[in-house]
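Hi,

Here is the structure I promised to send over.

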Amino acid sequence: MKRVGTLRLLSELSNFSGAARLRELLAADPTVRVRCSPDGRHLLLLRPPGAPAPQLLVAVRGPGTELERAWPAGQPSPIDAFFLQWPSRPALVLVWESGLAEVWSAGVGPGWRLLQSTELCPSGGARVVAVAAPRGRLVWCEEREAGAKGGVEPPAVAFSHSVCVRTLEPSGEAGTNLGLTHVLLNHCPPFGLLASRKDLFLVPTATTWPGVGHVLLIWRPGKGTVVVAAPCLGLSHSKSLNPGRGDTWDFRTLLRGLPGLLSPRQSLTVHTWAPAPQGLLWLDFSGAVSLVQPHGGTRAVGTLQEAPTGLAGSAALGTFQGTVACALGSTLELLDMGSGQLLERKILSTDRVHLLEPPAPGMEDEEELETRGGLRLLSALGLFRVSWEAPQGLELPSAEGLVFEEACEYYQRRSLRGAQLTPEELRHSSTFRAPQALASILQGHVSPSTLLTTLRAELRDYRGLEQLKAQLVAGDEEEAGWTELAEHEVARLLKTELVGDQLAQLNTIFQALPTAAWGAILRALQLQPDENGRLRSQAPPDVWKKVLGGTAAGKEPPNGILPLFELLCQCLCRLEPQWLPPFVELAQQQGGPGWGAGGPGLPLYRRALAVLGEEGTRPEALELDLLLGSGRPKAVLQAVGQLVQKEQWERALEAGLALSPSSPLLRSEIFKLLLAEFARHRRLDAHLPLLCRLCPPDLAPAELLLLLRTHLSDEGEPPTPFPEPGAEPPLTVGLLRALLEQTGTHGRPSGPVLSLYEDILWDPGTPPPTPPRGPMSALQASDHPGLEVWASSGQGLCVTDTS
């Protein structure tokens with residue numbers, strides 16, 4: 001069914017402050033420059049320098065005060081003016097040819113007031129030829145002194161311009177923050193500057209040097225790049241240009257390094273330029289409309305039935321709902337952006353029409369929301385909106401009908417009965433009262449003002465989300481937009497019961513936008529690393545309960561949909577694998593009864609291992625970290641066993657030492673495992689100090705020797721003082737001494753001697769006293785049984801009785 005374009009009157013301008021002056025300027029001066037504020041409430045009209053007073057008028061719709069300024073003859077007036085996209089209050093900047101810039105604002109007092117005045121070219125000798133105000137910045141093209149000196153060669157004059165930028169942001173209630181000047185381009189021709197919501201287009205002018213009149217540049221601040229394009233050649237090249245990193249380019253050097261751009265070509269013959277969300281529209285003198293896309297590619301959109309007649313004819317371009325609108329004189333033509341087909345042609349009652357740019361997403365008021373989806377036209381006759389009317393015969397469901405249909409789907413998911421719910425059953429049943437209450441509100445039982453007051457915050461959030469979606473669907477692929485959308489969706493889903501469709505939607509978000517989705521989870525869980533390389537979280541317990549909840553033990557997720565914890569582990573494996581073990585450790589600390597960490601299901605470390613794949617195919621480093629950080633005895637012993645197989649002795653010892661004193665049995669098992677390796681070979685000798693620290697404090701020397709004996713190989717031949725060439729050196733007493741000393745560090749036992757080797761450990765280090773050399777009685781000799789042994793061994797000692 002064919003669409004029908006409608007032109008509807010929105011306002012006769014009587015609801016604007018200074019309506020009479022507004023109509024007068026629109027009707028009298030065809031060259032007046034018209035701009036609309038980001039919120040859609042303010043209109044700015046600026047007449048060119050030398051025009052009759054007033055040269056500047058700012059009108060506001062609804063309550064507010066207009067701003068009207070005039071400059072006497074002989075005193076320069078601004079060459080351009082822009083509204084600034086400040087969410088807190090309306091503001092505008094005026095720029096003069098001399099480089100003077102003034103920032104004005106309303107809302108900080110009665111009427112408009114000057115916030116700041118500054119010089120863009122403080123060194124003097126330069127003049128501003130073009131200016132633009134993209135988001136949060138002020139960019140201008142200035143002509144340096146070379147253009148004003150006599151006797152300069154024409155090429156030098158042609159490349160005597162520079163493009164500069166300064167940040168311009170609000171500061172407090174009534175202040176501005178103007179950054180330092182940074183030069184983007186040096187030695188360039190005069191460029192015209194046109195700003196869209198995210199890009200800045202530098203287009204050639206009538207005074208541009210013919211050799212480069214076919215080249216235009218696209219600066220993309222969000223990506224930190226500049227695209228050099230030649231539409232007539234079909235060429236484009238991208239280079240880095242990020243003022244934050246100090247990037248700057250010499251225009252001539254930039255072009256010399258790009259092959260093919262300096263091929264002899266005629267300059268672009270453009271009648272009208274117009275920035276759009278999809279790129280830069282331009283109309284040539286043959287009536288052809290083309291689109292330069294942000295990446296530098298150019299495509300033809302279509303051809304108007306009527307071509308512009310020279311530079312004197314006025315023309316304006318704009319886009320809405322996949323349609324290009326061109327107001328040429330008193331004719332309005334609508335072209336399909338996809339096919340270029342002429343959809344409709346309207347004859348207007350005036351030839352002085354200005355197309356207004358749409359309000360910025362999230363900044364329009366309630367009145368502007370009603371006019372969304374169309375394009376606004378301004379003339380002295382009033383403010384109009386052109387849009388497509390819905391085809392006749394298309395019945396849209398009522399609001400209350402949608403309520404019951406959505407409620408049917410929701411209750412059916414939660415119901416255990418097999419019978420299908422119907423909207424009619426919900427209308428007349430007394431069981432489900434929530435949809436009936438909402439339907440009664442929509443029927444008008446609650447006054448709109450009361451309902452709006454109650455739902456204002458929710459409507460604002462919903463409106464911002466829908467505007468962001470529409471902006472992205474329209475072609476805005478800015479990474480920040482996708483991140484914001486993912487944050488909204490993930491935050492919304494975390495407030496729901498993560499089952500069925502909600503969980504499937506969360507899986508889809510993580511598959512399509514893993515980086516943005518993880519950033520949303522990072523904020524929701526408030527994750528921050530500490531100085532020890534661990535993670536900490538300040539999220540409330542109910543959020544962690546959602547994260548750790550899983551399926552029943554032994555059950556695969558339905559249709560391959562992963563629970564949230566497995567989904568986060570999978571995302572971390574793709575983005576930041578080194579943070580997976582700390583995240584699992586943090587999750588283990590957050591678990592509560594039935595949450596998945598302390599419940600009867602699988603432990604969290606095993607759920608994370610399942611995400612890594614089957615055993616034998618997992619990344620070894622991640623698997624080891626997960627096993628060691630699990631705190632489970634079997635898992636830790638499994639990890640230490642793998643480290644022993646890889647002969648990573650130091651890490652195996654540190655894993656045992658890292659265990660808290662509350663796990664003495666696990667430390668003892670790790671010590672016995674490593675002691676067995678110490679008995680079999682000498683590759684652990686270099687780490688003997690760590691092995692001594694790991695030795696259990698209650699281990700006796702005899703027990704230590706018995707443990708070693710069980711792991712020593714039986715030798716069929718008597719030992720030799722030196723090992724055979726190439727053979728493993730044997731275990732020596734010297735190596736054992738450190739371990740034996742470690743087993744006795746907690747004091748000598750007070751009971752009977754448990755081992756013959758105890759005296760060795762407790763040797764005071766001094767020899768026993770020397771026996772007396774004189775005669776000794778038998779009674780004295782009996783006090784020293786060791787001496788009797790000496791006497792009986794025939795050592796020549798004479799023992800006599802002297803009593």
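One definition before anything else: buried means under 20% relative accessible area, exposed means over 50%, and partly exposed is what falls in between (1.4 Å probe, protein chains only). You'll also see H and S labels, where helices (H or I, at least four residues) and strands (E, at least two) are DSSP runs numbered from the N terminus.

Just past the end of H16, Gly631 has a positive phi of about 75 degrees.

Some housekeeping: this is a predicted model, so local features need pLDDT of at least 70 and side-chain atom pairs count only at pLDDT 80 or more, while totals for chains, interfaces and linings use all residues. Residues are numbered from 1 along each chain as its sequence is written, and side-chain values use heavy atoms, with hydrogens and water left out.

**The chain overall**

There are 25 helices and 33 strands in the chain. It has 803 residues, and 42% of them count as buried. Taking the contacts with a separation of 6 or more, 50% are between residues 24 or more positions apart.

**H15 against H16**

Back to H16 and one of its partners. The axes of H15 (residues 604-612) and H16 (residues 620-629) come within 10 Å and cross at roughly 170 degrees. For the geometry, axes are lines fitted to C-alpha atoms, for helices over the stretch in contact, and angles run from 0 to 180 degrees between N-to-C directions. H15 is therefore roughly antiparallel to H16 (under 35 degrees is roughly parallel, over 145 roughly antiparallel, 65 to 115 roughly perpendicular, and the rest oblique). H15 brings Tyr605, Ala608, Leu609 and Leu612 to the contact, and H16 brings Leu622, Glu623, Leu626 and Leu627. By class that is seven nonpolar, no polar and one charged residues. The classes are Ala, Val, Leu, Ile, Met, Phe, Trp, Tyr, Cys and Pro as nonpolar, Asp, Glu, Lys and Arg as charged, and the others, Gly among them, as polar.

**Salt bridges**

How many salt bridges does the structure hold? The count is 19, with a salt bridge being a side-chain nitrogen of Lys or Arg within 4 Å of a carboxyl oxygen of Asp or Glu.

One of them joins Asp80 to Arg33, with the closest N and O atoms 2.8 Å apart. Asp80 sits in strand S6 (residues 80-84) and Arg33 in strand S2 (residues 33-36), so this pair ties together parts 47 residues apart in sequence. Asp80 counts as buried at 7% relative accessibility, whereas Arg33 is partly exposed at 36%.

Another pairs Arg69 with Glu102 (3.1 Å, N to O). This one also links distant parts of the chain, with Arg69 in strand S5 (residues 67-69) and Glu102 in strand S8 (residues 100-106), 33 residues apart. Glu102 is buried, at 11% relative accessibility.

Lys346 and Glu344 make a salt bridge too, their closest N and O atoms being 2.9 Å apart, and both residues are buried. Finally, Arg21, Glu24 and Glu68 are linked in a network of salt bridges.

Is Arg376 buried or exposed? Arg376 is buried, with a relative accessible area of 5%, and belongs to strand S30 (residues 375-379). Its side chain reaches the backbone oxygen of Glu357 at 3.3 Å. Leu10 counts as partly exposed at 28% relative accessibility.

**Two positive phi values**

Two spots for your backbone checks. Leu13 has a phi near 75 degrees, positive although the residue is not glycine. Leu13 is in the loop between strand S1 (4-11) and helix H1 (19-28), and is buried at 0% relative accessible area. Gln526, also not a glycine, has a positive phi near 55 degrees. Its place is the loop between helix H11 (514-525) and strand S32 (527-529), and Gln526 is partly exposed at 34%.

Cheers

How values were computed. A polar contact is a pair of N or O atoms within 3.5 Å; within protein, one must be able to donate a hydrogen and the other to accept it, and residues adjacent in sequence count only if both atoms are side-chain atoms. Contact means heavy atoms within 4.5 Å.
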